[in-house]
Amino acid sequence: MTMKRSVRHLTIGGAAAAAATLIVAAPAAAETTVPEPSSFTSAFTVMATPDQVINNDGVAVAGEPGATGTFDFRINSDTEVICYDITLTGVTGDYQSPAKTATHIHQAAAGQPGPPRIAFPNPTDADGDGVREASGCLQGPFTTGVTNDAGADTGTGFTLAQIEANPAGFTGDSHTASFAAGVVRGQLTQVPVGGVDTGAGGAASAVAAGTSASSGTDSGALVGAAAVGGLVLVGATGLVLRRRAAARA
Amino acid sequence: MTPRAGARRTGGPLRGAARAARLGGGRSGRGVAVGLGLAAVLVLTGCASSEADPAASSPPGAAASDAPSSPAPPATPSPAAPAPAPAVGTGAEPARVAVPAIELDEPLIGLGIASTGAMEVPDDADEVGWFTGGGRPGGRGPTVIAAHVDSTSGPAVFFRLSELVPGDEVTVTTVEGTAVRYVVDEVVDVPKAEFPTARVFGAQPTDQLRLITCGGVFDPGSGHYDQNRVVFASPAA
């Protein structure tokens, strides 16, 4: 009897825990941490340096000498997900910002100030090697913890499609106590997302063999090559004809 | 810089392949018929990434011409030296790439970003292109060069890229005539579904070079290879 009762208690407790988890996982009107999506609509990169820092008055204020940052973003604007890989090198001291974190995307063109639209977790030096890193994915709607003159959070109404429409109008930066205007900063530039479409299959068996030999990958590559062997042979015929034509020309 | 006419968006036909099919015409009826069939079916798709879904909403302003062609900022001190040190500038546009180990020496065309968000690739299977929205040789950030491993009818200009090994030299000559020498650090095959965008295209404080083509298994149904071969290189000492 005792055992049955304790089992029942555990079950109820489990359900309660699950319910609590659901509540925590879906707060209203703030970004959530999500797994990496299977596809992206765009990607952006930032080379952040101290000399690009601008204060709120639009005046150039140098960040930490010798520091650099790289901000890599992949966006799925259909689902409002942004994945980030941020690396800060040569940044020292504590973070500081009126926003809920000190690492942001601001809506600001080069040389101009502008409000934060997304606040990312601050990069940390987990390895003790002086390099601070942060990676993950967030799903909007976004909040920053900074309010505008009207009292609204500066993330309100912002969507990732705005970055895709004008990446140069956005900047990545991070702020520390010693460099409150920014320790490093740089504009977003678009880069390609996903793989590169550089083949049409006319030499597929040879390509697969080369790949398998060089990387020691699974035998599936060779099986796949064999499956398309018939097509490859036809393609090779075309190549021979082409070469003959070239020789006659 | 706006990509020149030689660039194409993913999914378009390969000019080199079409030419090969035409050249075969009238010489072997059977081969030609099948060859043309191949051109009609396989040429349509190439080996685009599964991530680059043409049905997905096209990001407005995704064209490379909308992105600053030179993301590299003005010179800054290196992390190791707080005082102003010899800095990496913006470099110069590349005009030619040579890889002696595979007897490759080709001019470069400009490539941007397709409406799918993926990198444009050359129209012609015999052309080599560079991503104009990235770094430039001699400057900060990766210069990314891409070309086809094959057309529908046979090997293309980057077919022998798979022979490169760490230590091989690559020389990129700029429009100013400067030859920038790189040494291969690493050669990797990556599934397109997990393409390392940041590692290949992401900003870097130093001069870097990437060479990209297709690899892995070709799926005739989709017309795609499932992997990319990526060669990472850094400036020769």
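Select A:E80 to start: this residue is in the loop between strand 3 (68–76) and strand 4 of chain A. Helices (H or I, at least four residues) and strands (E, at least two) are DSSP runs, numbered from the N terminus. A:E80 is not a glycine, yet its phi is positive, about 60°. The residue counts as partly exposed because it has 18 C-beta neighbours inside 10 Å. The cut-offs: buried means 20 or more other C-beta atoms within 10 Å of a residue's own, exposed means 12 or fewer, and partly exposed is in between, with C-beta atoms placed from the backbone.

A word on what is loaded. This is a predicted model, in which local features need pLDDT of at least 70 and side-chain atom pairs count only at pLDDT 80 or more, while totals for chains, interfaces and linings use all residues. Residues are numbered from 1 along each chain as its sequence is written, and chains are lettered from A and ligands numbered from 1 in the order in which they are written.

**Colour chain A by confidence**

pLDDT is the predictor's confidence in each residue, from 0 to 100. Chain A averages 80, and 72% of its residues score at least 70. Now select residues 1–28 of chain A. Their pLDDT stays under 50, and the model gives this stretch one contact beyond four places in sequence. A contact means two residues whose C-beta atoms, placed from the backbone, lie within 7 Å. Next select residues 213–249 of chain A. Here too the pLDDT is below 50, but the stretch has 63 contacts beyond near neighbours in sequence.

**Chain A as a whole**

Switch to cartoon. Chain A has five helices and 10 strands. Of its 249 residues, 46% are buried. Take the contacts in chain A with a separation of 6 or more: 62% of them come from residues 24 or more positions apart.

**Strand 7 and its partners**

Two strands pair if DSSP finds at least two bridges between them. Select A:V81; opposite, in strand 7 of chain A, is A:Q139. Then select A:T32, whose bridge partner in strand 7 of chain A is also A:Q139. A:T32 belongs to strand 1 (residues 32–33) of chain A, which joins strand 7 (residues 131–139) of chain A through two bridges, again antiparallel.

Move on to A:G140 and A:P141. The peptide bond between them is cis, with omega near 10°. A:P141 sits in the loop between strand 7 and helix 2 (161–165) of chain A.

Select A:G90, in the loop between strand 4 and strand 5 (103–107) of chain A. Is A:G90 buried or exposed? A:G90 counts as buried because 22 other C-beta atoms lie within 10 Å.

**The four-stranded sheet**

Which strands of chain A form the open sheet of four? The order is 6-5-8-9, and the pairing is antiparallel. Strand 6 (116–120) and strand 9 (184–187) of chain A are the edges, each pairing on one side only. From one strand to the next, the twist averages 20°, taken between N-to-C directions on a scale from 0 to 180 degrees, with axes as lines fitted to C-alpha atoms. Zoom in on strand 8 (residues 170–174) of chain A: four bridges tie it to strand 9 of chain A. Within that pair, A:G172 stands opposite A:G186.

**Across to chain B**

Chain B has three helices and 10 strands. Of its 237 residues, 55% count as buried. Select B:E103, in the loop between strand 2 (94–99) and strand 3 (104–111) of chain B. B:E103 is another non-glycine with a positive phi, about 55°. With 9 other C-beta atoms within 10 Å, B:E103 is exposed.

**Last stop: the core**

A nonpolar core is a set of buried Ala, Val, Leu, Ile, Met, Phe, Trp, Tyr and Cys residues joined through C-beta atoms within 7 Å. The largest here has 83 residues, of which B:A146 and B:V170 touch the most other members. Domain 1 (32–191) and domain 2 (204–248) of chain A both contribute residues, so this core lies between them; the domain bounds come from an automatic or database domain assignment. Finish on B:A146. Beyond four places in sequence, its contacts include A:V196 and A:T198 in chain A, and B:L111, B:M119 and B:I212 in chain B.
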